[in-house]
Amino acid sequence: MNWNIIRLTDKPEIKDRAAEWFHEKWGIPLEAYQESMETCLTKKQPVPQWYMAMEDGNIIGGLGVIENDFHPRKELTPNVCAVYTEEGKRGCGVAGALLNYVCADMKERGIAQLYLLTDHTSFYERYGWEFYCMVQGDGESEPSRMYIHRMDEGGRQAL
């Protein structure tokens, strides 16, 4: 493994580059990422948070934790969002490492469960996520799968 995971709070100087990277991958307005990342850096709250997998100074994967990932179920919070791995790095464990890292980091910040909205099936189960329910995403024609990840007191996945 020639890459490592960093928290934006540990390397704030990459904020603009990270916001641009996520914007390019997901098409969400650049300003939305910039605002969330600025809040992450200035508010010192558990949410929002942003994480990147870096290799040779380049972002090869990333994800965020936000209050709500564009769905009406406001009680299902916080949400892991914008999970992405560069195509050439898929199958190398980047996404799994990011998911495990964020769960442990959120547990340290006092958050014992996370939610994730996705159209993927079977991917997230590999990393301890459980299907929770179907949720209609904002502006989506079909409902998506909502997953939950629960952590026990020791920081491990709760069974």
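The model is predicted, with local features needing pLDDT of at least 70, side-chain atom pairs counting only at pLDDT 80 or more, and totals for chains, interfaces and linings using all residues. Residues are numbered from 1 along each chain as its sequence is written, and side-chain values use heavy atoms, with hydrogens and water left out.

User: Why is strand 5 called largely enclosed?

Analyst: Strands are DSSP runs of E with at least two residues, and helices are runs of H or I with at least four, numbered from the N terminus. Buried means under 20% relative accessible area, exposed over 50%, and partly exposed in between, with a 1.4 Å probe and protein chains only. In strand 5 (residues 113-118), 5 of the 6 residues are buried, so the rest of the structure largely encloses this strand.

User: What makes strand 4 and strand 5 a pair?

Analyst: Two strands pair if DSSP finds at least two bridges between them. Strand 4 (residues 79-85) and strand 5 are joined by 2 bridges and run parallel, and Val80 has Leu116 of strand 5 as its bridge partner.

User: How does strand 5 pair with strand 7 (residues 144-150), in the parallel or the antiparallel sense?

Analyst: These strands pair in the antiparallel sense over 6 bridges, and Gln113 has Arg150 of strand 7 as its bridge partner.

User: Which element supplies the largest share of the lining of the largest pocket?

Analyst: Strand 4 does, with 6 residues, while helix 2 (30-43), helix 3 and strand 5 are among the elements that each supply at least two.
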